[in-house]
Amino acid sequence: MKKLSILLITFIIIFGTVSFFWNDLTDIYYRFSLKLPRVEKEITGVLTQEIEKRISTPSPLRIEAEEISAYLTLSGVIYWTNIQRKKFGLPLFKENSKLNASAEMKAEDIFENQYFAHISPSGEGAGDLVKNVKYEFITIGENLALGNFKEDSVLVQSWMESPGHRENILNSKYQEIGVAVKKGVFEGKTTWIAVQHFGFPLSACLQPDEALQEEIKTRENEIIQLQKILNSLQLEIKNMRPKRGVLYNQKIEEYNSLVSEHNAFLKETKILINDYNNQVKFFNECAAL
């Protein structure tokens with residue numbers, strides 16, 4: 001009888017101890033059973049395409065000397081401008097019809113409104129003019145000249161002797177040119193107006209893939225939704241009692257499977273982000289030259 005009592009007491013003590021530590025033991029099992037996500041809360045690091053539009057407008061060139069036989073031509077101005085480019089080992093300008101049109105608009109506006117400046121009385125500048133003809137650019141320049149220059153070569157040489165205009169003509173960024181030359185009455189005298197528009201077009205730099213950017217945005221939203229589901233499922237598992245049995249194990253498997261799906265999807269997305277960021281870096285480096 002005494003032995004039976006001792007065994008009973010021993011059993012009660014052991015059972016009480018196991019019961020006391022049961023919750024801790026199940027919590028330990030829970031922690032080791034769950035495979036926590038190896039991810040951040042959000043995806044960051046998508047670079048921004050930088051387009052800093054630049055406009056170069058040196059002070060307009062005006063000559064007082066009068067040449068009775070003065071005559072200027074669009075093709076001649078481009079020809080002699082490219083002669084200067086060639087002399088300094090630079091790529092020749094390509095004539096652009098849109099830049100011809102914007103230069104023509106500038107020359108006509110000068111005669112019509114009787115001003116000689118890069119900004120018109122209405123506040124329009126070279127940037128507005130090229131925008132009006134739908135020329136997309138990163139950098140543009142405008143050279144203006146007023147006077148009876150004897151011929152195209154004399155006009156271009158006069159620009160070359162002016163530091164600001166020379167800089168535009170020899171700027172390695174520019175790839176395209178548009179020209180307008182017009183004869184008319186300015187401040188009561190018959191004279192010539194010459195306009196050069198230089199362009200470094202947006203198309204010169206390979207732009208990041210917009211479709212790829214949209215796919216990344218869509219994936220970011222999907223990842224956020226996956227993370228919300230994971231958080232909810234994790235909380236559900238944490239509050240489950242008892243932490244054993246078929247239902248509990250099913251929840252653990254469901255959670256772990258979703259974690260694997262989440263992490264694989266995130267890894268793929270980060271690769272796409274890296275590809276897109278490389279495209280953006282390449283564009284920004286090109287645009288900053």
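**Exercise 1. Helix H5**

Which strands and helices do the buried residues of H5 pack against? Work from the contacts of helix H5.

*Solution.* This is a predicted model, where local features need pLDDT of at least 70, side-chain atom pairs count only at pLDDT 80 or more, and totals for chains, interfaces and linings use all residues. Residues are numbered from 1 along each chain as its sequence is written, and side-chain values use heavy atoms, leaving out hydrogens and water.

Step 1. Buried is under 20% relative accessible area, exposed is over 50%, and partly exposed lies in between (1.4 Å probe, protein chains only). Helices (H or I, at least four residues) and strands (E, at least two) are DSSP runs, numbered from the N terminus. Contact means heavy atoms within 4.5 Å.

Step 2. List the buried residues of H5: Asp152, Ser153, Leu155, Val156, Ser158, Trp159 and Met160.

Step 3. Name the partners. These buried residues pack against strands S2 (61-66), S4 (137-148) and S6 (189-201), and against helices H2 (74-87) and H6 (163-169).

Step 4. Conclude. Seven of the nine residues of helix H5 (residues 152-160) are buried, so the rest of the structure largely encloses it.

**Exercise 2. Isoleucine 169**

*Solution.* Step 1. Isoleucine 169 lies in helix H6. Its relative accessibility is 0%, so it counts as buried.

Step 1. Trp159 and Met160 are among the buried residues of H5.

Step 2. Isoleucine 169 and glutamate 142 are 27 residues apart in sequence and 9.7 Å apart in space, C-alpha to C-alpha.

**Exercise 3. Histidine 118**

Is histidine 118 buried or exposed? Find its side-chain polar contact with glutamate 142.

*Solution.* Step 1. Histidine 118 sits in the loop between helix H3 (97-113) and helix H4 (126-132). At 9% relative accessibility, histidine 118 is buried.

Step 1. Apply the polar contact rule: a pair of N or O atoms within 3.5 Å; within protein, one must be able to donate a hydrogen and the other to accept it, and residues adjacent in sequence count only if both atoms are side-chain atoms. The side chains of histidine 118 and glutamate 142 are joined by such a contact, at 2.5 Å.

**Exercise 4. The disulfide**

How many disulfides does a search of the whole structure find?

*Solution.* Step 1. The search finds one disulfide (a pair of cysteine sulfur atoms within 2.5 Å). Cysteine 205 and cysteine 286 form it, with sulfur atoms 2.0 Å apart.

Step 1. Locate the ends. Cysteine 205 is in the loop between S6 and helix H7 (210-238), and cysteine 286 is in helix H8 (residues 246-287). The pair links distant parts of the chain, 81 residues apart.

Step 2. Both cysteine 205 and cysteine 286 are buried. Their link is left-handed, with -80° about the S-S bond.

**Exercise 5. Lysine 251**

*Solution.* Step 1. A salt bridge is a side-chain nitrogen of Lys or Arg within 4 Å of a carboxyl oxygen of Asp or Glu. Lysine 251 forms one with glutamate 236, the closest N and O atoms being 3.1 Å apart.

Step 1. Lysine 251 lies in helix H8 and glutamate 236 in helix H7, so the pair ties together parts 15 residues apart in sequence.
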